[in-house]
Each structure stands twice: as C-alpha cells, then as structure tokens.
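Welcome, and please take a look at the model below. The report that follows walks you through some of its features, a few residues at a time.

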Amino acid sequence: MRLKIAYNTKDYLHNDPNHVENSLRTKVIIEILEQLNQNKELANTNLINEDNIKQIDDKFLYKLYKLTHEEKYIENLLSLTNKVKGLYNLDPDTYFNENTLNVINTNIKLLLNLVQDLLDNVIDNAIGYIRPPGHHAEKNKAMGFCIINNVAVIANYLKEYLKIKKIAIIDFDAHHGNGTEDIFLNDKDVLFFSTHAYPFYPFTGYKSMPECNKFNYPLNVLANNEKILNIYKLELPKIINEFDPEFIIISAGYDIHLNDPITYMRITDEGIDELHKTLINNLRKYKILWVLEGGYNLNVLKYSSLNLITNIINL
C-alpha cells in the first residue's frame with residue numbers, strides 16, 4: 001500500500017520535560033523514520049514535515065477551529081498566546097505556552113496535506129505522528145493533555161469544505177475520546193467507534209448511542225489482547241460495512257500497552273501487531289488517516305510506529 005507519513009520537527013516548542021506528554025514521544029518516532037528513510041527501507045512511502053508541504057494560512061485554520069470548538073474558547077487561546085511566557089496550565093493536566101498554538105497549527109497543516117493526497121488517490125494510507133494529542137478536547141475546553149481536537153478539525157474540514165458526507169472515526173486509545181464524541185454527538189454522519197478502559201479517565205463512554213452512530217465498548221481496566229481484538233474482529237466490520245463511510249480517521253493511542261506508565265491495560269506487542277493487521281485488512285477498501293493520540297512509553301511508541309508502517313507497506 002502507498003503510504004505518506006507526516007511529522008512536525010518543531011513540536012518540541014510545546015514541551016514540559018517533567019510532564020508525561022512531552023516532546024520525546026515524537027522525537028523517538030522521528031529518529032526511526034529518518035533512519036529508515038536514509039537506509040531506503042521505506043518502500044512506497046514518503047515522509048513530509050513542515051518544510052515540504054503546501055502552506056495554509058493560519059486564518060483558515062482558525063475558521064476550522066471555530067467550526068469544531070466554541071469561538072470564545074479559540075479566542076481565549078489566541079489571547080493567551082500573546083500573554084503567556086513559559087508554561088501555563090489550561091487545566092490540572094494540560095499545559096500551554098506561547099508556542100503551543102503554532103505547533104498545533106503546523107500539525108493541522110500536515111494533516112490537511114495528507115488528506116489531500118488521500119483524496120487525490122496519490123496514497124492509500126497516511127499517518128500523522130503529531131502531538132499534543134486531541135481526542136479529549138471538547139467544544140469549549142482543554143483537558144487530558146489535549147487543546148485542539150485534531151481529528152475533529154479534520155472531520156469538519158472534510159464535511160464542510162470537501163462535502164464528504166459520511167466519516168468514521170475509530171479510537172483505540174486506552175482513554176475514551178470524550179471530546180470527539182462531544183463534538184459530533186448529534187451528527188449521524190460522523191460515526192464514532194471507541195474501545196477504552198472503564199471506569200477510567202475521563203469516566204465517559206460507558207454506553208453506545210446507535211441512533212447517533214456512536215459506539216462505545218468500555219473494557220475492563222486490565223483488558224488483555226483477546227478482549228480488545230474480539231471487538232475489532234467481530235463488531236467493527238459489521239458497523240463499518242453498514243455505515244459505509246467515505247473516509248476513515250483512526251485515533252491511535254498506544255497507552256493500551258501493558259508497559260504504559262499511566263494506564264493498566266494489558267495489550268502486548270503481539271496484540272498491537274494483531275490490532276494493526278486487523279484494522280488494515282478489514283478497512284483496506286477505504287482511505288485512512290491515522291493520527292497519534294496517547295502512548296507514553298517511548299519503547300512502545302518506537303515499536304508501535306515501526307509495526308504500523310511495516311504492516312501498511314507490506315499489505
């Protein structure tokens with residue numbers, strides 16, 4: 001399969017080295033990507049970063065943000081950007097500084113470039129290795145390390161500007177993507193499918209709302225490979241086939257791994273590999289954008305990124 005991978009070499013400008021969500025998360029992935037590329041080991045794969053993409057005006061991005069989040073919330077972030085110097089807490093878990101919004105803007109530009117290549121049939125799959133994550137950010141607030149809901153912004157761009165009618169968002173992070181669900185709660189044309197630990201932060205996602213195309217699969221906090229894989233092998237194909245989306249976005253959270261420092265799920269390396277294979281094979285007829293969400297063990301992030309890339313290009 002043809003693949004393009006995007007990463008932001010300057011996301012270290014949004015960083016708190018004492019926080020679990022720090023710039024080392026993507027640094028270790030970028031190092032692997034650049035080494036593989038140098039060794040010509042990435043067949044049918046292109047890498048892009050902020051230096052070789054089509055540029056997009058920040059004003060357009062703020063329009064997209066205001067489609068996704070409340071205008072007052074976005075204006076507050078813009079105001080803070082001009083006021084703060086150094087770290088500022090938007091909530092007890094989520095930090096912000098004068099560079100944060102610029103980092104996020106670059107991330108969204110990277111994702112928009114990937115979307116265009118997918119829709120132009122230049123590639124079949126795309127991966128955005130970006131941070132900070134986004135799936136906890138609700139319409140009017142930051143939370144859980146998330147400030148702008150990256151996948152929701154892209155889904156709204158697809159809907160409002162490219163007139164894509166049906167979009168599916170699949171989220172396998174250990175934490176429920178409450179923000180993504182909140183933003184599209186009453187929109188039947190955006191399907192949301194989530195597996196996550198429960199009861200666990202953010203303590204949402206305990207029931208499905210099939211009438212709104214919102215499907216939640218809360219798992220035991222100590223769920224193992226079998227529990228999560230059964231859902232993706234048995235439940236997801238039925239729901240996706242019936243919905244038949246025009247575009248799929250996957251919120252990829254690797255805090256499901258047993259070695260993650262802030263969660264308790266028991267998914268192994270083999271489980272990650274089988275999850276990737278299951279999703280790639282079952283969704284092979286669709287255009288897919290994978291976007292990094294959680295995952296805070298650096299070795300797990302290295303393994304998972306290389307495994308996903310390998311599985312995609314070898315299909």
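This is a predicted model: local features need pLDDT of at least 70, side-chain atom pairs count only at pLDDT 80 or more; totals for chains, interfaces and linings use all residues.

## A buried asparagine

Setting aside neighbours within four places in sequence, N311 is in contact with D273, H276, K277 and I280, where contact means heavy atoms within 4.5 Å. This residue sits in helix α9; helices (H or I, at least four residues) and strands (E, at least two) are DSSP runs, numbered from the N terminus. With 12% relative accessibility, N311 counts as buried. Buried means under 20% relative accessible area, exposed over 50%, and partly exposed in between (1.4 Å probe, protein chains only). From N311 to N49 there are 262 residues in sequence and 22 Å in space, C-alpha to C-alpha.

Residues are numbered from 1 along each chain as its sequence is written, and side-chain values use heavy atoms, with hydrogens and water left out.

## Two helix pairs

Helix α9 (residues 298-313) also packs with helix α1 (residues 24-38), at an angle of about 40 degrees and with the axes 9 Å apart. That angle makes α1 oblique to α9. Axes here are lines fitted to C-alpha atoms, for helices over the stretch in contact, and angles run from 0 to 180 degrees between N-to-C directions. Angles under 35 degrees count as roughly parallel, over 145 as roughly antiparallel, 65 to 115 as roughly perpendicular and the rest as oblique. On the α1 side, L24, R25, V28, I29, I32, L33 and L36 meet L298, L301, K302, S305, L306 and I309 of α9. By class, the residues of this contact are ten nonpolar, one polar and two charged. For these classes, Ala, Val, Leu, Ile, Met, Phe, Trp, Tyr, Cys and Pro count as nonpolar, Asp, Glu, Lys and Arg as charged, and the others, Gly among them, as polar.

Now for another pair: the axes of helix α2 (residues 58-68) and helix α3 (residues 71-83) come within 8 Å and cross at roughly 135 degrees. These two helices are therefore oblique to each other. Y62, Y65 and K66 from α2 meet E71, I74, E75 and L78 from α3. Their contact holds four nonpolar, no polar and three charged residues.

## The nonpolar cores

Which residues touch the most other members of the largest nonpolar core? They are F172, F193 and W290, in a core of 57 residues. A nonpolar core is a set of buried Ala, Val, Leu, Ile, Met, Phe, Trp, Tyr and Cys residues joined through side-chain atoms within 4.5 Å. Helix α7 (residues 225-243) gives the most to this core, with eight residues. Apart from it lies another core, of 47 residues, among them Y65, I123, A152 and I169.

Most residues other than glycine have a negative phi, and most peptide bonds are trans. The loop between β7 (190-197) and β8 (214-219) holds P199, which a cis peptide bond joins to Y198, with omega about 5 degrees. P202 is in the loop between β7 and β8 as well, and the peptide bond from Y201 to P202 is cis, with omega near 5 degrees.

N213, also found in the loop between β7 and β8, has a positive phi near 60 degrees. At 17% relative accessibility, N213 counts as buried. K40 has a positive phi of about 55 degrees and lies in the loop between α1 and β2 (45-48). With 76% relative accessibility, K40 counts as exposed.
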